[in-house]
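Trainee: Could we go through this structure together? I would like to learn how such descriptions are reached.
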Amino acid sequence: MDFVTLHEVGPRDGLQNEPGVISTADRVEFVRALAEAGLPHIEVGSFVSPKWVPQMAGTDEVMAKLEAGPVYEVLVPNMRGWEGFAAAERRGDYAIAVFVAATEGFSRANLNCTVAESLERAAPVIAAAEAAGVPVRGYVSCVTDCPYEGRVAPGQVARVVRDLKDLGVREVSLGETIGKGDPERVGTMLDAVLNVVPAAQLAGHFHDTGGRALDNIKVALEKGLRVFDAAVGGLGGCPYAPGAPGNVATEAVVALLHAQGFETGVDAAKLAKAAGMARAMRGGGHVDQG
Ligand code: HMG
Ligand code: MG
């Protein structure tokens, strides 16, 4: 049976967009519940400026408390972030993710630099990580729409995906950052990207603002993609993408995939428990650790 690999991004993409700052203890319990549910990859935080994203401060403290199990992932925007990651206490397998955008407007808002500069900053991070045996994933944001520039040309996305791949990332996750894409435009974008990078090295990262994320995932499955990012409970968004609440919910993606006959290794009942934790955190509440 065909296997689809899920990357759970709730503890990062979800919590970074919550108005409140969640405690380290609650972040750790949340990640543990996700690992218990069988998610093979879990993005647990970011080594970014705490002035820009205070919700992700203390990612090193979260890492220090986690047990080996899934592959944990963290965002790293520059060498300063790499040094923070490399110095952090950790057990088990880790990968890092660098992130760039298909548009200048989003790059400026998210990373305070041009797309070309963001690729230049990513290059030494990728080299350092791979030299240290840490696999690197790359994100490209705004693959169909940009909050600052509107619709994005598929050729422009394909160019940045190829540039990032050329720097040595193992997989590129295609960020549909503000959930405005529809299946037709997602399909056209994927056709352009598949001309430069094979499906086996791509992932889909769909936000569900417009309610089309599951339809967009279906198109990506038809095009051969077998890796998707999702956030349990539909947590998330991006603080620098106005109007981007809600990653596609992991439990909805798992239900879709299982109904289509794909295996994920995820236990839907245990995932429901993690979704309950996500809902409690969304309200700014405390996670029941029982
Ligand atoms: P900058 O201001 O251009 O950089 O920020 P700088 O080098 O001038 O540094 C400014 C300050 O940040 C300095 O501190 C540095 O020390 C500090 P100060 O002197 O003001 O006290 N600094 C750092 N601190 C901690 N960790 C670091 C680091 N680097 C510099 N690594 C920077 C550049 C990248 C830091 C900033 O723009 C930033 O942190 N941006 C946040 C980006 C972010 O996390 N965005 C959300 C994640 S991306 C996303 O959600 C999209 C995705 O989900 C896919 C999709 O949906 O499309 C992945
Ligand atoms: Mg995102």
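Mentor: Let's start with helix axes: an axis here is a line fitted to C-alpha atoms, for helices over the stretch in contact, and angles run from 0 to 180 degrees between N-to-C directions. Keep in mind that this is a predicted model. In this model, helix α5 (residues 104-111) and helix α6 (residues 115-131) pack at an angle of about 55°, and their axes are 9 Å apart.

Trainee: Why are α5 and α6 called oblique to each other?

Mentor: Angles under 35 degrees count as roughly parallel, 65 to 115 as roughly perpendicular and over 145 as roughly antiparallel, with the rest oblique. The angle of α5 and α6 is about 55°, so the pair is oblique.

Trainee: Which residues of α5 and α6 meet?

Mentor: From α5 come Glu104, Ser107, Arg108 and Leu111, and they meet Val115, Glu117, Ser118 and Arg121 of α6. Sorted by class, this contact has four charged, two polar and two nonpolar residues.

Trainee: How do you know that the span of α6 agrees with its 17 residues?

Mentor: The expected span is 1.5 Å times one less than the number of residues. For the 17 residues of α6 that should give 24 Å, and the end C-alpha atoms are 24 Å apart, so the two agree.

Trainee: Which residues of α6 are buried?

Mentor: They are Val115, Ser118, Leu119, Ala122, Val125, Ile126, Ala128 and Ala129. Their cover includes α4 (79-87), β4 (93-101), α5, β5 (136-141) and α7 (154-166). Just after α6, Gly133 takes a positive phi of about 80°.

Trainee: Now the metal. What coordinates the magnesium ion (ligand 2)?

Mentor: Asp13 through OD, and His205 and His207 through NE2, at 2.1 to 2.3 Å. These count as donors because the cut-off is within 2.8 Å of the metal. Along the chain, the donors follow the spacing D-x191-H-x1-H. Asp13 lies in helix α1 (residues 10-14) and His207 in the loop between β9 (202-206) and α9 (213-222), so the pair ties together parts that are 194 residues apart in sequence.

Trainee: Why are Asp13 and His207 called buried?

Mentor: Buried means under 20% relative accessible area. Asp13 has 3%, and His207 has 3%, so both are buried.

Trainee: What makes Asn17 partly exposed?

Mentor: Partly exposed lies between the buried limit of 20% and the exposed limit of 50%. Asn17 has 25%, so it is partly exposed. You will find Asn17 in the loop between α1 and α2 (24-36).

Key: Residues are numbered from 1 along each chain as its sequence is written. Chains are lettered from A and ligands numbered from 1 in the order in which they are written. This is a predicted model: local features need pLDDT of at least 70, side-chain atom pairs count only at pLDDT 80 or more; totals for chains, interfaces and linings use all residues. Side-chain values use heavy atoms; hydrogens and water are left out. Helices (H or I, at least four residues) and strands (E, at least two) are DSSP runs, numbered from the N terminus. Contact means heavy atoms within 4.5 Å. Ala, Val, Leu, Ile, Met, Phe, Trp, Tyr, Cys and Pro count as nonpolar, Asp, Glu, Lys and Arg as charged, and the others, Gly among them, as polar. Buried means under 20% relative accessible area, exposed over 50%, partly exposed in between (1.4 Å probe, protein chains only). Donors are N, O and S atoms within 2.8 Å of the metal (3.2 Å for Na, K and Ca); water is not among the atoms, so sites may look incomplete.
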